[in-house]
Amino acid sequence: MGIFSYFRSKKTSAQIAKNRLQIIVAHERAENCGYDFLPQLRREILLVVQKYVPVELDHIRVDLTKDGNCEVLEFNVTLPERK
Amino acid sequence: MARIIVVTSGKGGVGKTTTSASLATGLAQRGFTVAVLDFDVGLRNLDLIMGCERRVVYDFVNVIQGEASLHQALIRDKRVENLFILAASQTKDKEALTFEGVERVLTELAERCDYIVCDSPAGIEHGAMVAMYFADEAIVVTNPEVSSVRDSDRVLGLLQSKTRKASQGESVREHLLLTRYDPLRVERGEMLSVEDVQEILAIPLLGVIPESKSVLQASNAGEPVILETSSDAGQAYADAVARLLGEEREHRFLKPVKKGFFSRLFGG
């Protein structure tokens, strides 16, 4: 790094690459969390919920968190407002 | 019982075959009996990198289909003792590498080898899935570049879910091998650093192979680059072999070679 680089406040391309990767990798990991069946499970849960309430796929959030040796699979369904 | 090591990456052209050839050679130099297998059916290349392309008579698929014995198909390396190469088929259908067939070959090899190195094809199609399925350890070859890192992350997901170890509730031991690393460009902020890649992939680092002219020169000559003991890449591979065997080695070639005062001042 020469003296000119001290005047550069712009992010370096490597920093941009790292940020982009962190976002896309986190997103893709969340999508299957190492379990390929999760997207399918999410769709099937949607079908069951839809029997009772009108919801869309976007309203079902899947979270897989690790707690020590234990993995917690969490489904959050946002219900539409009651009329 | 042999250790089965898959060299994989998802992305093509990152150095899987170069790595397979050098690690297998390095392990054999340490006195182990090693077989290195090319899983890239239709795009056979390990034989060229190992410099034995004219000695291929029978290939992996011939052995699986019973047209040749393993003994007939294995090519004995002429430079290093106890190193054997099994070439991929250039003509057969990719599906010819059946899981059962590959398992049979690996079981037979395991009886007489200490290490079996599986050179995976690029992608995540059948060939790559078979190459990783029976692995005890995986070396994920990654370039410090966005598409390679993303593909490596995808492959890590598959290693954790689509392997024999995973189906037995165990896990494949994962290693990161960063290749084509250019410390000067990292210092200039033009390339992801080894720390950046490690932070994203979060697996133990086996080694960093610097971008080096000697890799192309070695492949031109059909010599695994690890045999070029004066080259930086060759030495970096030798370090990686040592770490694979559990030896402590400091990581080298992570800093650019020091430049003169003026070039530093003006940021060459």
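Predicted model: local features only at pLDDT ≥ 70, side-chain atom pairs only at ≥ 80, totals over all residues.

For the charge tally I counted Lys and Arg as positive and Asp and Glu as negative, leaving out His and the chain ends. On that basis chain B carries 31 positive and 38 negative side chains. I also looked up the centres of the two sets, and they sit 4 Å apart.

Next, the overall build. I find 13 helices and eight strands in chain B. Its radius of gyration is 18 Å, close to the 18 Å from the globule rule for 268 residues, so chain B is as compact as a globular protein of that length. Along the principal axes, the C-alpha atoms fill a box of roughly 65 × 40 × 35 Å.

Then contacts and surface. Taking contacts in chain B with a separation of 6 or more, I get 74% from residues 24 or more positions apart. Of the 268 residues, 54% count as buried. The accessible surface is about 11800 Å², and carbon and sulfur atoms own 48% of that.

Last, the backbone. Which residue has a positive phi of about 60° although it is not a glycine? I noted Asn82(B), which lies in the loop between strand E3 (75-76) and strand E4 (83-86). Its relative accessible area is 26%, so I put Asn82(B) down as partly exposed.

I logged Phe253(B) too, a non-glycine with a positive phi near 60°. Phe253(B) is in the loop between helix H12 (232-244) and helix H13 (261-265). At 23% relative accessibility, Phe253(B) goes down as partly exposed, because buried would need under 20%.

Note on methods: Residues numbered from 1 in each chain as written. Chains lettered and ligands numbered in written order. Heavy atoms only, no water. Helix = DSSP H or I, 4+ residues; strand = E, 2+ residues; numbered from the N terminus. Buried < 20%, exposed > 50% of the residue type's maximum accessible area, 1.4 Å probe, protein only. Rg over C-alpha atoms; globule rule 2.2 N^0.38 Å. Contact = heavy atoms within 4.5 Å. Areas by Shrake-Rupley, 256 points an atom, 1.4 Å probe, with all protein chains shown as cover. Charge placed at Lys NZ, Arg CZ, Asp CG, Glu CD.
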